[in-house]
Amino acid sequence: MTLYKKGKIWYHKKVPRTLVLSAAALVNSFFEFYSLCEFLVVRRYVVAFVIESKICAKNFSTLNFSLFGCGTCKFGRAEFVLISFLRGDFSTMEKKPFVTLEKVREISKTFPTPFHIYDERGIRENARRVKKAFSWNKGFKEYFAVKATPNPFLIDILKQEGCGVDCSSMTELYMADRMGFSAKDMKDGIMFSSNATPAEEFVYAKKLGAIINLDDFTHVEFLEKTAGIPERICCRYNPGGNFTISTTIMDKPGDAKYGMTKEQITEAYRLLKDKGVKEFGIHAFLASNTVTNEYYPTLARELFKLAAELKEKTGANITFINLSGGIGIPYRPDQEGNNIEIIGEGVRKVYEEVLVPAGMGDVAIYTELGRFMMGPYGALVTKALHAKHIYKEYIGCDACAVNLMRPAMYGSYHHITVLGKEKEPCDHKYDITGSLCENNDKFAIDRMLPRIDLGDYLYIHDTGAHGFSMGYNYNGKLRSAELLLREDGEVQMIRRAETIEDYLATFDFCDIFKKQ
Ligand SMILES: Cc1ncc(COP(=O)(O)O)c(C=O)c1O
């Protein structure tokens with residue numbers, strides 16, 4: 001190996017260290033300049049690429065590097081090596097599995113792969129950090145977005161940590177009820193944030209005492225006719241246009257189907273007030289998976305200003321503001337994760353600046369996080385079953401998109417660790433695939449990894465949210481088991497794997513299979 005690392009910097013044996021350091025400083029200021037010009041994304045991808053190949057790939061001569069899917073540029077060996085050690089700071093480049101190869105070997109004796117596994121300690125520690133970061137707000141409550149990870153064992157952990165639940169469907173409401181979130185002593189245990197809502201869901205949500213979050217102005221009348229208007233209600237806001245932080249477009253609410261315009265929410269408040277509503281809330285979800293500490297404070301400013309305006313215009317008694325989900329996680333090893341303490345403090349400052357002077361210093365802050373609460377604390381473990389060599393190198397696993405749909409659906413990056421080979425050079429380029437008859441059934445494309453042997457366990461990171469829950473049954477494939485790594489190191493099954501009988505269970509109304 002000609003490269004070695006000291007502190008945060010990579011060096012090359014043949015290049016003097018002083019040269020590397022001064023060049024690093026130069027390149028960093030160059031990158032800082034470009035980041036101002038929104039070249040940050042490019043920088044990140046360059047670094048991501050470098051990290052992916054862990055700088056130790058042997059044949060650098062011409063590696064293709066697809067830049068944001070909009071073109072391909074070639075990095076010759078010289079530029080590649082230069083970028084890699086000049087950029088220097090790879091302190092966040094490592095992603096560590098929370099189970100070892102030995103542990104996985106032991107687990108798989110009882111629970112065959114593939115399986116999703118979750119880390120109780122990580123979930124609890126993170127939930128406590130979130131709570132603490134917002135402890136300045138007396139009424140703060142996190143309503144975990146059930147859709148992210150609808151497993152009652154995991155939700156129960158969050159319940160013990162003081163969280164409520166955010167439900168989006170009848171089934172989620174039913175589960176919340178069965179888990180005791182609607183109990184009298186669980187004051188305000190359920191938020192119901194749905195859209196295109198069927199009448200029976202409103203009726204059920206109201207019966208459970210859930211806080212109903214109205215997605216549309218027309219739902220005021222719909223709710224009145226179906227379930228009746230409760231004394232406390234929330235309305236979802238959509239400011240339209242682009243949601244930007246500085247000059248960066250985070251998302252495009254103007255293209256999203258959710259929420260009401262400012263005129264509509266104002267009118268809805270007036271109408272609801274006339275119909276007897278005593279307490280109001282505001283909700284908005286304007287950008288997803290944001291890996292920046294600025295998202296919540298920026299959103300909060302917009303919602304706090306709106307709250308003050310609504311109070312003034314309608315006289316409504318606004319008692320809570322729900323910042324919803326959207327705080328992201330660093331799926332890529334080069335990404336710097338969000339800092340929830342900075343985020344909480346950022347929201348506090350805006351609260352002091354906007355709400356307190358408006359005489360609204362007692363408004364409770366709610367969140368509805370999913371990904372941030374669970375994402376990093378879940379992993380999909382799968383075994384390499386086949387190696388195929390055609391125009392590319394393929395590794396076929398026993399998991400497929402049915403177990404984790406994000407890469408197939410959004411082209412999302414999920415980091416992969418070949419367990420037991422963490423220290424080996426990433427000098428093989430693979431497509432890591434499942435067995436579906438779908439060419440997008442790939443967990444990774446052109447990924448530089450250590451040599452994979454059949455039987456190796458692949459640990460797919462950050463599947464704890466919107467992972468298992470997005471599963472489906474295409475090709476008659478079955479959903480895997482879910483396991484929990486307890487704080488004491490024990491592994492507990494928290495959902496069994498589906499069986500063929502489960503798959504066929506919806507034919508139990510007839511004897512179609514008995515005829516054969
Ligand atoms: C209404 C609502 N709240 C909260 C969430 C959770 O979002 P995230 O997992 O990005 O935090 C979602 C996700 O789709 C959502 O639709």
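This is a predicted model: local features need pLDDT of at least 70, side-chain atom pairs count only at pLDDT 80 or more; totals for chains, interfaces and linings use all residues.
**View 1. The crossing of helices H5 and H12 is right-handed.** Residues are numbered from 1 along each chain as its sequence is written. Helices (H or I, at least four residues) and strands (E, at least two) are DSSP runs, numbered from the N terminus. H5 covers residues 120-133 and H12 covers residues 340-355; they pack at an angle of about 25 degrees, with their axes 8 Å apart. The axes are lines fitted to C-alpha atoms, for helices over the stretch in contact, and angles run from 0 to 180 degrees between N-to-C directions. H5 and H12 are therefore roughly parallel to each other (under 35 degrees; over 145 is roughly antiparallel, 65 to 115 roughly perpendicular, and the rest oblique). On the H5 side, look for Arg129, Val130 and Ala133, which meet Ile340, Glu341, Ile343 and Gly344 of H12. Meeting, or being in contact, is about C-beta atoms, placed from the backbone, that lie within 7 Å. By class, this contact of H5 with H12 has four nonpolar, one polar and two charged residues. Ala, Val, Leu, Ile, Met, Phe, Trp, Tyr, Cys and Pro count as nonpolar, Asp, Glu, Lys and Arg as charged, and the others, Gly among them, as polar.

**View 2. H12 also packs with H11, at an angle of about 25 degrees and with axes 9 Å apart.** That makes H11 roughly parallel to H12. The crossing of H11 and H12 is right-handed. Residues of H11 in this contact include Tyr296, Phe304 and Ala308, and those of H12 include Val347, Tyr351 and Leu355. Sorted by class, the contact of H11 with H12 has 12 nonpolar, one polar and two charged residues.

**View 3. Helix H10 (residues 262-274) packs with helix H11 (residues 295-314) at about 50 degrees, their axes 10 Å apart.** That makes H10 oblique to H11. Their crossing is right-handed. Thr266, Tyr269, Arg270 and Lys273 in H10 meet Leu310, Lys313 and Thr314 in H11. Two nonpolar, two polar and three charged residues make up the contact of H10 with H11.

**View 4. Eight strands close into a barrel, with parallel pairing.** Zoom in on S10 (residues 232-236) and S13 (residues 279-283), which pair in the parallel sense over five bridges. For two strands to pair, DSSP has to find at least two bridges between them. Arg232 has Glu279 in S13 as its bridge partner.

View 5. The peptide bond from Thr113 to Pro114 is cis, with omega near -5 degrees. Phi of Asp188 is near 55 degrees, a positive value in a residue other than glycine.

**View 6. Around the ligand there are 17 residues.** Ala145, Ser193, Gly325, Gly370 and Arg371 come nearest. A residue is near a molecule if its C-beta atom, placed from the backbone, lies within 6 Å of it. By class, the shell around the ligand has six nonpolar, seven polar and four charged residues.

Technical notes. A crossing is left-handed if the near helix is turned anticlockwise from the far one by less than a right angle, and right-handed if clockwise. Two residues are in contact if their C-beta atoms, placed from the backbone, lie within 7 Å.
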